[in-house]
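Welcome! Take a moment to look over the sequence and the model below, and then we will walk through some of the features together.

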Amino acid sequence: MRTKAKNMLARAVSLTVQTPRLRLCSHISSQQLSPTPIIPWPSLRARSGSILPRVAYSMRTFSTTSDEVLATGERKKMNLVGAINDALTIALEAHPSACVFGEDVGFGGVFRASADLQEKFGKARVFNTPLCEQGIAGFAIGMAAEGSIAIAEIQFADYIFPAFDQIVNEAAKYRYRSGNQFNVGGLTFRTPYGAVGHGGLYHSQSPEAYFAHTPGLIVVVPRSPLQAKGLLLSAIRSPDPVIFFEPKALYRASSEEVPIGDFELPLSCAEVVQEGSDITLVGYGAQMGVLKKAADMALEKLNVSCEIIDLRTILPWDRDTVFHSVNKTGRCIVSHEAPITGGFGAEIAAAVQEKCFLRLEAPVDRVCGYDTPFP
């Protein structure tokens, strides 16, 4: 299936770059065509009192690349599940109120992401829960509301739906409905998502778009071990509740050099993984590997230079970095593993079409999953 996706992406690139070039009106200056500055939602870091607005900034200037992180400190090779375990260890060591819990978490979890944590930190801080996702979410919200750091694991993203009401109606709205008197900052839901080739219809779903429709949540999807560790530590320390989708297909298939110490990567800041000049490819999570292969194929067979952007956070997403790239290349393809109808790619495509219209040389295209249960 991933090979088919790669070929579909390469074909989409070919069709997009062959679209006739549009001529811009001569009276429109490049300054007028630059994207509208983005002012992110307020940073609500206080547990009580008035809302503290964040100073407006261009989110692109905040973006931290993997190379910048690797340039500092000692590092070692880790796979993705090892990087997750390392981040959880650091969080438990650094924050005495932090707890890790979920189905089979005390035994290390089905993917071993929490291996050895109970032995290190005790059964009071790393423990199993009943097989009840709604109960896990409600318990986590209560812990966070009382000031603890709650790191809850939903064993598979496919089973997060019983907890949907707790997450979107309670966690996401907790600060808003209390007028910022109370919040559930420090609440993180970890869950593995996506296809592995043998998971069938109940262990292969990518449900990120359901949660991206909910103001008050942060939705993060890492692409690699380094990204997973840095983003997870940021998520755990975020003043807002975070859903952290982990690409389980990469748990042991992806490995790289990762700093061994405590570091964070900024949320809501995309990364330009590869610079290019002809077309912008936008994605997140495990799909980034597919995008890279398609970009290599496009360069080799079509001599097309692709700029690749990893969103990393899809809510709130880094519009400025995407708009900056599309205004440069004039073309854009969005790709994700989830079904195409109602997928988050539609939101990206609509925003690019609206904000980059005068620079676009072809319609924004989407290469996504089929509108069927998996596979």
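In which loop is Asp104 found? Asp104 sits in the loop between β2 (98-102) and α5 (117-121). Please keep in mind as you look around that this is a predicted model.

Asp104 has a phi near 70°, which is a positive value in a residue other than glycine. Most residues other than glycine have a negative phi. With a relative accessibility of 31%, Asp104 counts as partly exposed.

## The chain as a whole

Now step back for the wider view. The protein chain holds 13 helices and 14 strands. Of its 375 residues, 56% are buried.

Contacts can also be sorted by how far apart the partners are in sequence. Among the contacts in the protein chain with a separation of 6 or more, 83% are between residues 24 or more positions apart.

## More backbone details

Asn180 also has a positive phi, about 70°, although it is not a glycine. You will find Asn180 in the loop between α8 and β5 (187-193). Is Asn180 buried or exposed? The relative accessible area of Asn180 is 3%, so this residue is buried.

Most peptide bonds are trans. Pro316 belongs to the loop between β12 (313-315) and α12 (319-329).

## Helix α8 and Tyr176

Helix α8 covers residues 174-177, and Tyr176 is part of it. Tyr176 has a relative accessibility of 75%, so it counts as exposed. How far apart in space are Tyr176 and Gly216? Their C-alpha atoms are 8.1 Å apart, while 40 residues separate them in sequence.

## Helix α11

Helix α11 runs over residues 287-302, 16 residues in total. From its first C-alpha to its last, α11 reaches 21 Å, close to the 22 Å expected at 1.5 Å a residue. The buried residues of α11 are Gln287, Met288, Val290, Leu291, Ala294, Ala295, Met297 and Ala298. Just after α11 comes Asn303, with a positive phi of about 55°.

## Salt bridges

Side chains of opposite charge can pair when their charged atoms come close. How many salt bridges are there here? The count comes to 15.

One of them joins Asp86 and Lys229, whose closest N and O atoms are 2.6 Å apart. This pair links distant parts of the chain, with Asp86 in helix α4 (residues 80-94) and Lys229 in helix α10 (residues 225-236), 143 residues apart. Asp86 counts as buried because its relative accessibility is 18%, and the cut-off for buried is under 20%. Lys229 is buried too, with a relative accessible area of 0%.

Arg190 and Glu246 form a salt bridge as well, with 2.6 Å between the closest N and O atoms. Arg190 is in strand β5 and Glu246 in strand β7 (residues 242-247), so the pair ties together parts that are 56 residues apart in sequence. Both Arg190 and Glu246 are buried.

Asp262 pairs with Arg237 in a salt bridge, the closest N and O atoms being 2.7 Å apart. Asp262 lies in the loop between β8 (255-259) and β9 (271-274), and Arg237 in the loop between α10 and β7, so this pair ties together parts that are 25 residues apart in sequence. Asp262 is partly exposed, at 44% relative accessible area, and Arg237 is partly exposed as well, at 23%. Finally, Arg223, Glu271, Asp310 and Arg312 are linked in a network of salt bridges.

## Two helices that pack together

Two packed helices are described by the angle between their axes and the distance between the axes. What is the angle at which α12 and α13 pack? Helix α12 and helix α13 (residues 344-355) pack at an angle of about 55°, with 10 Å between their axes. That angle makes α12 oblique to α13.

The crossing of α12 past α13 is right-handed. On the α12 side, Arg319, Val322, Phe323 and Val326 make the contact, and on the α13 side Glu347, Ala351, Val352 and Lys355 do.

Technical notes: Residues are numbered from 1 along each chain as its sequence is written. This is a predicted model: local features need pLDDT of at least 70, side-chain atom pairs count only at pLDDT 80 or more; totals for chains, interfaces and linings use all residues. Side-chain values use heavy atoms; hydrogens and water are left out. Helices (H or I, at least four residues) and strands (E, at least two) are DSSP runs, numbered from the N terminus. The expected span of a helix is 1.5 Å times one less than its number of residues. Buried means under 20% relative accessible area, exposed over 50%, partly exposed in between (1.4 Å probe, protein chains only). A salt bridge is a side-chain nitrogen of Lys or Arg within 4 Å of a carboxyl oxygen of Asp or Glu. Axes are lines fitted to C-alpha atoms, for helices over the stretch in contact, and angles run from 0 to 180 degrees between N-to-C directions. Angles under 35 degrees count as roughly parallel, over 145 as roughly antiparallel, 65 to 115 as roughly perpendicular and the rest as oblique. A crossing is left-handed if the near helix is turned anticlockwise from the far one by less than a right angle, and right-handed if clockwise. Contact means heavy atoms within 4.5 Å.
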